[in-house]
Amino acid sequence: MTSPVHDAQVVHLRRGGTSVVARLAPDNLPCILHWGPDLGDHPPDQFQELIRALQMPGPHEPTYPHSWASVIPRQTAGWLGRPGLVGHRKGREWALTFTTVKHTGASGADAEVLRSVATDQTAGVETTTEIELLASGLVRLRAAVQNLHSEPYAVTLLEPVLPVPAEAGELLDMAGRPGHERTPQRRPFDEGQWVREAWGGRPGHDSATLLCAGRPGFGFRTGRVWGVHLAWSGNQTLSAEHSYTGWKLLRGGELIGPHEIVLGQGEAYASPWLYASWGEGLDELAGRFHDHLRARDTHPQRDRPVLVNTWEAVYFDQSLPKLIDLAERAADIGAERFVLDDGWFKGRRDDTTSLGDWVVDPGVYPDGLTPLVRAVQGLGMEFGLWFEPEMVNLDSELAREHPDWIMGTHAGPGLTSRNQHILDLANPEVWNHVYSRISALIDEHDIAYIKWDHNRPLTGAGHGPDHTPGVHKQTLAVYRMMQALRESHPGLEIESCCGGGGRLDLGIMEHASRAWLSDCIDAHERHRMARWTGLLLPPEMMGTHIGSGTDHTTGRRHTLPFRAGTAIWGHLGIEWDLTTITDSERAELRSWIAFYKRFRNLLHSGRIVHADNVNNALDLEGVIAPDGGEAVFRLSALGLPTRLPAGRIPLPGLEANTLYQVTAVSPAKAAFTVTPPAWFDGGVSLPGRILDELGVMPPLLQPDDLVFLHAQAVR
Ligand code: DGJ
């Protein structure tokens, strides 16, 4: 690539099994012609012909037909759909025309990078795009706008796009609500737009999570599919646009409030990274996200400790003797971390009061938290503590002393939600206050882990005395606080809770080691949630707990093997009053924890696979060791099969020519209600290819039951 280019050129980037092909013009930002399978090693000049090959027929006017849609589509380049950039200087200079565009490529250890800087000299605005092809084969893309003039420039929309080919005829994303997160939904990718927006200051429980477009009927193992995700924890949109010109675009960006982004001279606004993955089926698409996350320096390297969380065990009814009893029983069954949830601070006996007053309740803990922390640490466990740093109850000392620290509008702090309001963390005084309280408690008690909650959406969240739209600044302030706490307390881990599942985007996950998936621990529901959250996060980043026999949110009853076998497919925890369980339940729990510890290294490093179309009632997922030498599969019945026997189940993802010994494995004490097939007796030895193509006969499982199968390479 030369820089600047005089005629349109085509560049080809290759990494991690992915090719990105882009058209670079002297008057526009890049137009992506392909992101998907590696196209192989061809001399660069062979790609030049693509410009002629892909030029649409007809009058060569930019608006009809439209041959090239750049990563920032603009009307002034002939794009008649949703623009990629909207900005203005008090209503002027809103239609940018690029006078110079400079494209630069770089090849680094971590990525192939294509940076393009487009300048509108008259308007005094510079627009930059960065397209990175990462080692995992993930693509990420962002744009920035810089104001070169002295008069302020307001940005109202900056949403980069990635095109997908015509064959992508079906869309998939997630829907949900609190307690019922991540329900997949599909629809045809018809003309028009499919738009998912989050205005509540966080991705939300209904977050699209990923917006995928693929060959109709794409599944986990087959059907080419492309998907995008926005690494941002504030207001946001993901959308798919099918234009009459044939272009199909996936896009994402921040939803910017009125005058929320106003740039002074020299200032710039950068959009969040739009991450993009593709695959022959969703497993490959998800695998690129997992590889990327696992390759980060900040990815947890230690074994994910089994934790016990106090929430569903005691709720607000905390007392030192009870908690020490719980801690002793936790350590006895093999727990490694003890997390004290909501209810430990002054006056917090229910959710109406005291948020923001991060002082230990002297009524409940007359000698502070030290006796509990000492007991926990003395039992060999780490201590974790719950906070909700962004929130405040009006009934708190903090709110009484500093009413001006609460976000709101000219009409006041606005709606309450779970009795709480939002602290204006973009105000440095507020940020320093909250940071110092949390930091002091971490120091005092050697806290290893923070469960960081966020139990309400941001509505009317104005910042400062003028109550200007504040979500953008608030989101950055939260990231800053998480980062500062981790930097000043090396090894500190943060869980992104958000009322369960409301904030698990890759922006927050840069700072958090795991996400709490939902407030619903019902094992039946959790199967769906883990499966679809798994498009983005690997199992070690998903908090999955064993709850009590009757689920607290749905009232459903499940056996311990089903609850435990569900929860071990993630970062295992227990949220159950262990002081009330029977001896046999204790023994069973102990063996499940041992089972998790035996397989957690495999589960937290291996490739995740799912079988397609197993049966209407059965789910099968597996994890394959990176070297293909071992795998564990989990077969679950989530309903009654319409046929009996349920038919063969494939075991996908194994090395085709490797012989595997497959056996049913279960914790010693598990009381499955399973009628086994003949091969359970002694297992079977078959090559990976045959296990995938022909499969094995499953056991007869009752609804809401499961078994684990272990595949070990024997040659
Ligand atoms: C919502 C969380 O999801 C729960 O696990 C618990 O921490 C409560 N908040 C505490 O208020």
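Ala, Val, Leu, Ile, Met, Phe, Trp, Tyr, Cys and Pro count as nonpolar, Asp, Glu, Lys and Arg as charged, and the others, Gly among them, as polar. The model is predicted: local features need pLDDT of at least 70 and side-chain atom pairs pLDDT 80 or more, while totals for chains, interfaces and linings use all residues. Residues are numbered from 1 along each chain as its sequence is written, and side-chain values use heavy atoms, without hydrogens and water.

**Exercise 1.** Describe the surroundings of the ligand.

*Solution.* Step one: 13 residues surround the ligand, a residue being near if one of its heavy atoms lies within 4 Å. By class, this shell has 6 charged, 4 nonpolar and 3 polar residues. The closest are Asp341, Asp342, Lys451, Asp453 and Asp519.

Step two: consider the polar contacts (pairs of N or O atoms within 3.5 Å). A polar side-chain atom of Asp519 lies 2.3 Å from a ligand oxygen atom. For Asp341, the distance from a side-chain N or O atom to an oxygen atom of the ligand is 2.7 Å; for Asp342, it is also 2.7 Å.

Step three: the ligand on its own has 300 Å² of accessible area (Shrake-Rupley method, 1.4 Å probe), and the protein covers 99% of it.

How values were computed
A polar contact is a pair of N or O atoms within 3.5 Å; within protein, one must be able to donate a hydrogen and the other to accept it, and residues adjacent in sequence count only if both atoms are side-chain atoms.
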